[in-house]
Amino acid sequence: MDGVADGVVVGVGASTGVAEGEVLALIAEALAAAGVPAAAVRRLATVEQRHAEPGLLGAARVLGVPLVGHPAAELGAVAVPNPSTRVLAATGTPSVAEAAALLGGGELLVGKRKSGRSTVAVATLPGTTLPAVPRSAAEPDLRHHGDAEVRVPGLVDLAVNVRTGTPPAWLRTALAEALGDLAAYPEQSAARAAVAARHGRPTAEVLLTAGAAEAFVLLARTLRPRHAVVVHPQFTEPEAALRDAGIAVRRVLLRPEDGFRLTPGAVPDEADLVVVGNPTNPTSILHPAAALTALTRPGRTLVVDEAFMDTAPGEPASLAALRELPGQVVVLRSLTKTWGLAGLRIGYLLGPAPLVAELAQAQPLWPVSSLGLLAAELCSAPAALTEAEAAAEQLAEDRAHLLKRLAELPGIRVHGEPAASFALIHLPGAAQVRERLRVAGFAVRRGDTFPGLGQDWLRLAVRDRATVDAFIGALAAAL
């Protein structure tokens with residue numbers, strides 16, 4: 001159990017009327033600080049007078065564990081590291097969360113953490129071992145994006161994975177000509193039909209979104225998984241969205257020594273929601289379709305982020321057109337990367353019609369702008385797909401050149417076989433090298449904000465050969 005022999009108990013204190021989501025978010029924060037997966041939680045514990053609190057009962061139900069209520073007198077006899085006279089006066093114990101976690105003789109992993117109406121503490125069950133993950137390790141910033149690296153003017157951008165020279169002239173012209181129609185409310189039928197035809201699916205299985213990011217939020221707020229798993233290292237917004245919705249997340253960390261590939265048994269059987277990127281950001285690994293379809297099963301929702309799939313010639317591992325797999329399979333796509341439309345916020349979700357309808361009900365009215373809808377329609381047309389395929393083939397050549405040049409430099413290692421518009425490199429002292437590259441005029445993406453990586457990793461966007469050669473010169477000087 002990831003270094004925990006038998007599991008942990010989470011002590012919870014709460015005010016009357018506390019929301020389930022607030023409790024779950026605080027529990028997720030405490031578990032992350034402890035380096036303990038949500039699957040290690042064996043029970044929630046609180047004071048007897050809060051045992052019927054709906055927010056606590058709901059949190060226990062989501063985690064799939066019992067909620068135990070202890071008499072205040074028993075909790076009051078437990079020595080706690082962070083006592084409060086106010087809590088003692090109100091409940092009869094100086095710290096409900098810490099005392100409930102420690103009752104029975106376990107060892108405290110995370111002391112009292114507070115939110116507006118709840119407190120949480122985490123302790124081992126009696127006789128168990130401590131987590132193998134160092135609890136002092138800094139939690140990655142799940143909200144860091146590559147564009148933060150290029151906000152200083154004049155830097156050559158190898159940090160953001162958007163294709164250079166985009167949007168293409170024909171797309172800019174079409175969007176500009178549509179500005180005269182902005183007085184009309186957006187109408188989705190043509191765009192949905194184009195996306196559906198592009199993937200050979202009924203329109204009822206297409207949901208247009210304000211970028212893939214909105215799809216992550218909609219899924220997090222609509223699905224109520226008991227055992228959510230996010231496969232890392234990968235794009236961090238899915239986990240952030242789940243945690244914001246009060247859902248506890250278990251991380252499955254793929255290993256560099258395995259080339260960051262999915263291995264049999266990596267995802268626990270009890271997972272009822274699995275999120276994975278393909279090709280994965282930041283590792284650039286393209287998992288075979290068979291490795292992903294092996295994760296499908298009744299009762300499980302598999303979410304595959306294919307934001308970079310169109311950067312792989314022929315899209316060989318895409319699940320976008322597969323409709324008869326067990327359970328629920330959801331595929332997310334973005335128009336941001338290939339077409340340079342990050343500021344327009346347009347993406348889409350493919351999935352079972354009933355789930356698509358449920359997610360649509362959670363969207364605000366007119367969630368996608370008329371310009372975004374036009375872009376979705378035009379970029380799904382046959383001529384655009386031909387252009388995207390040609391761009392992917394050129395990208396493959398440019399990526400091979402980047403990897404060849406990187407191999408000339410000492411101390412740099414690429415794990416696995418990059419297949420997307422970027423490459424992940426391991427380099428001791430990468431944090432310092434990144435700063436030297438900025439001084440030399442080049443921006444690259446730091447790796448330590450991705451779970452499972454650290455300060456010795458950098459992500460490099462693939463660029464044309466002239467830019468790559470100039471970058472390699474700067475990198476050689478920075479080493």
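User: How many salt bridges does the count come to, and what makes Glu-205 and Arg-323 a salt bridge?

Analyst: In this predicted model, the count comes to 24 salt bridges. For Glu-205 and Arg-323, the closest N and O atoms are 2.7 Å apart. The rule asks for a nitrogen within 4 Å of a carboxyl oxygen, so the pair qualifies.

User: Where in the chain do Glu-205 and Arg-323 lie?

Analyst: Glu-205 is in the loop between α7 (189-199) and β7 (206-209), while Arg-323 is in the loop between β11 (301-305) and β12 (328-334). The pair links distant parts of the chain, 118 residues apart.

User: Why is Glu-205 called buried, and why is Arg-323 called partly exposed?

Analyst: Glu-205 has 8% relative accessibility, and buried means under 20%, so Glu-205 counts as buried. Arg-323 comes out at 38%.

User: What makes Glu-149, Arg-434, Glu-435 and Arg-438 one network?

Analyst: These four residues are joined by salt bridges that share partners.

User: Now the aromatic rings. Why is the pair of Phe-260 and Trp-457 called edge-to-face?

Analyst: Their ring centres are 5.7 Å apart and their planes stand at 70°. Phe-260 is in the loop between β9 (249-253) and β10 (273-277), and Trp-457 is in strand β16 (residues 457-461), 197 residues apart. Phe-260, at 2% relative accessibility, is buried, and Trp-457, at 9%, is buried too.

User: How many aromatic pairs are there, and why is the one formed by Phe-216 and Phe-235 called tilted?

Analyst: The structure holds 6 aromatic pairs. In this one the centres are 6.1 Å apart, with 50° between the planes. Under 30 degrees would be stacked and over 60 edge-to-face, so 50° is tilted. Phe-216 sits in helix α8 (residues 211-222) and Phe-235 in the loop between β8 (228-232) and α9 (237-244). Both Phe-216 and Phe-235 are buried.

User: Where is Phe-235 in relation to the second largest pocket?

Analyst: Phe-235 is one of the lining residues nearest the centre of that pocket, along with His-145, Glu-237, Thr-336 and Lys-337. The lining has 27 residues, which divide into 11 nonpolar, 9 polar and 7 charged. Helix α8 gives the largest share of the lining, 4 residues. The space in the pocket is about 500 Å³.

User: What makes Arg-163 count as lying over the face of Trp-339?

Analyst: Arg-163 is at 5.6 Å from the ring centre of Trp-339 and lies over its face. The distance limit is 6 Å, so 5.6 Å falls inside it. Likewise, the charged end of Arg-459 sits over the ring of Phe-422, 5.7 Å from its centre.

Methods:
Residues numbered from 1 in each chain as written. Predicted model: local features only at pLDDT ≥ 70, side-chain atom pairs only at ≥ 80, totals over all residues. Heavy atoms only, no water. Phe/Tyr/Trp six-rings, centres within 6.5 Å; stacked < 30°, edge-to-face > 60°. Helix = DSSP H or I, 4+ residues; strand = E, 2+ residues; numbered from the N terminus. Buried < 20%, exposed > 50% of the residue type's maximum accessible area, 1.4 Å probe, protein only. Lys NZ or Arg CZ within 6 Å of the ring centre and 35° of its normal. 1 Å grid on protein atoms, 1.4 Å probe; cavity = no way out; pocket = protein on both sides within 12 Å on 5 of 7 lines; lining within 4 Å. Points joined across faces, edges and corners; volume = space filled by probe spheres on them. Nonpolar A, V, L, I, M, F, W, Y, C, P; charged D, E, K, R; others polar. Salt bridge = Lys/Arg side-chain N within 4 Å of Asp/Glu carboxyl O.
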